[in-house]
Amino acid sequence: MQFFEFTEEQVMLRNAVREFVEREVAPKAASWDEEDICPTELFMLMGEMGINGIFAPEEFGGTGLGHIERAICLEEISRHSAGLGIALMTHHLAIAAIQYYGNDEQRAKYLPDLCSGKKIGGLSVTEPGGGSDFIGQKSTGERKDGKWIINGRKCFITNSSVADIDVCTVRTGTDEKGRPQLTAFILEKNMPGHSAGRKEHKLGLRGSVTGDVIYNNIEVGDEQILKGEGAGAQIAMTTIAEVGRAGMSAICTGILRGCLEESIKFSKERVLYGKPISKLQAIQLIIAENKLDYDTACLLTYRAAGMKDAGIPCTAEYAMAKLQSTEAAVNAAKRTMDLMGGYGIVNEYPVGRFLRDALASIPSGGTSAIQKIVIAANVLK
Amino acid sequence: MIETIVVCIKPIPDPACYNQISIDPVKKTIQREGIPTIINPEDRHAIEEALRIKEKHGGKVVLLSMAPPSAEANLMEGLAMGADEAYLLSDRKFAGADTLATSYVLAKGIKKIGGADLVITGSQTGDGATSQVSSQLGEWLEMPHLWSVIECSIQNTKDALVKTKSENGYMEWQAKLPVVLGVTREINQPRLTTVMGVMKARKKPYAVYGSDDLSLEEEKIGLAGSPTQPGDVFTPDLNRSCKMVKGSSEELVLALLSKLREHGINPEQYTAGCELGVAE
């Protein structure tokens, strides 16, 4: 057994992404949060950097790296803007769905623009009737005159109004056991009948857009189906499990690093009783817990990513990483606010944003209860 | 035709770790072991300028550094930015070198790799800040050299049209290639390193040369070749004496002005945007 260490190239990658973040993300993160806007203009730059298509094949404009490198990118970005992190994470969901389940024509048609950032991607699964119970979704795809007619409404969809490519799941029938059969379609923003609905006014992750997506008699051909009729549930579950939760885990790892770094910085600068508060035991306990939470999140997140890159099933490992990192991020942010005293509730400091972003991360990609069910199911089988 | 643009870079201690740096009280040198390094910020501007010239006029960008073996990581970073080759001049005999000995070794390194049509460095480093290497390099190489460069364009691949910053403005120069330029941060905005650049870096030509590879005169390298010897290096005492003064706003201002004049500072030479009181 070896201890986990990044390769030289991964360290260089981290430094390159960190430089991008310090220049283009960190100075603006607070304003994106305050104004509740998604900096869509950065997708082209992230495309040039190679961040969008980090795990996509080079032949389609990707960088051909893996999910460890993806996690590094998301952690670095989310250290300052978890909102942009989740916007990018969702963009990756669309890339992953098409890359892993699309045919050659679909990959050639959609991946280059998604990797370059010319187009932004989204994944629409959740509905008002249920997120955890996504099999029970009500949106439909009806076969008519050789075409599919898509109707329905999705909610809590990240990138809802900014996504050009929308990978969605709809009910297209029932299987032989009478259970709903879902099919995944690639829809495009400019298709007649496709529109974004209400934008949610969120507590956190406000550097991203979340809202409804509405399907009103959208007509598409078979060429827009991913993998095949009835494969929607598998595509949704696997993509969410191993790319969605993976992303949320990396995002909260970034938030945890933010909490750790801000708590260290503040404690060294703040002087009370004639010395920096970093000399006080009560403060040291907080910093120790922040460090522990950050390292734990790193180990779980990057372990699962390593398994994904090695082709080893990792649904439970990602569930553990997501559960641990999201819940820990909330605790660490609250702890860091306590450390900062009155300054912790002043918006000049990012820790309030860290707390809100961490809270908003918990239900994304499956609630904590769902993660525990996934973990238990894996252990008890 | 421009064939080779050499960029000399220096790894310096990461400013984020300055609190970990100590000074050897005997040798008067900075203890750098274990301190992470970054490419000297102005050298990144030098790399960027070289890349822009290459994109316009062709040729290759070659990085050169005289530094410990750990500088390989910094050179890889430069290759990831887009440079084509990198060479590290590293040998225990180079230790303790001042700018003259450093520039001598760099000049020998440039000759070793086949010379250059253009040599670009940062104007000064973030640690030593002596601002001498680029000029000394020009002298060793017998090339014209310009320092504090804020603008540069190449005409007909033969001439460099250069603007340098001076205290009161700028000066315009025309220099025949080959030339050595020490650039400042004002010259450009360094490009971001891409993921693709990182992946390609390790595959680019890279070599390490020691003193035996460079035909050096021993008396010109390391401590022996360094006419500059540090005097005293110390951490200044930043304690301040404090005197509390009470009174109305006008009384406080008059007291402050009086104190400034006592210490030889003439407040009248500064524009304050208000009338300054007269000492009583």
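**Strands and helices**

Modeller: Welcome! Keep in mind that this is a predicted model.

Biologist: Which way do β2 and β3 of chain A run, parallel or antiparallel?

Modeller: Take β2(A) as residues 140-144 and β3(A) as residues 147-158. The two strands are joined by 5 bridges, and their direction is antiparallel.

Biologist: Which residue takes a positive phi in the hairpin of β2(A) and β3(A)?

Modeller: This hairpin has 2 residues between the strands. The phi in question lies near 50 degrees, and the residue that takes it is D145(A).

Biologist: Now the helices: are α5(A) and α7(A) roughly parallel or roughly antiparallel?

Modeller: α5(A) covers residues 82-101 and α7(A) covers residues 232-269; their axes come within 9 Å and cross at roughly 150 degrees. Angles over 145 degrees count as roughly antiparallel. Therefore α5(A) is, relative to α7(A), roughly antiparallel.

Biologist: How many charged residues are in the contact of α5(A) with α7(A)?

Modeller: α5(A) passes α7(A) in a right-handed crossing. The contact includes I86(A), M89(A) and L93(A) of α5(A), and V243(A), G247(A) and I251(A) of α7(A). Its residues divide into 12 nonpolar and 7 polar, and the number of charged ones is none.

Technical notes: Residues are numbered from 1 along each chain as its sequence is written. Chains are lettered from A and ligands numbered from 1 in the order in which they are written. This is a predicted model: local features need pLDDT of at least 70, side-chain atom pairs count only at pLDDT 80 or more; totals for chains, interfaces and linings use all residues. Side-chain values use heavy atoms; hydrogens and water are left out. Two strands pair if DSSP finds at least two bridges between them. Helices (H or I, at least four residues) and strands (E, at least two) are DSSP runs, numbered from the N terminus. Axes are lines fitted to C-alpha atoms, for helices over the stretch in contact, and angles run from 0 to 180 degrees between N-to-C directions. Angles under 35 degrees count as roughly parallel, over 145 as roughly antiparallel, 65 to 115 as roughly perpendicular and the rest as oblique. A crossing is left-handed if the near helix is turned anticlockwise from the far one by less than a right angle, and right-handed if clockwise. Contact means heavy atoms within 4.5 Å. Ala, Val, Leu, Ile, Met, Phe, Trp, Tyr, Cys and Pro count as nonpolar, Asp, Glu, Lys and Arg as charged, and the others, Gly among them, as polar.
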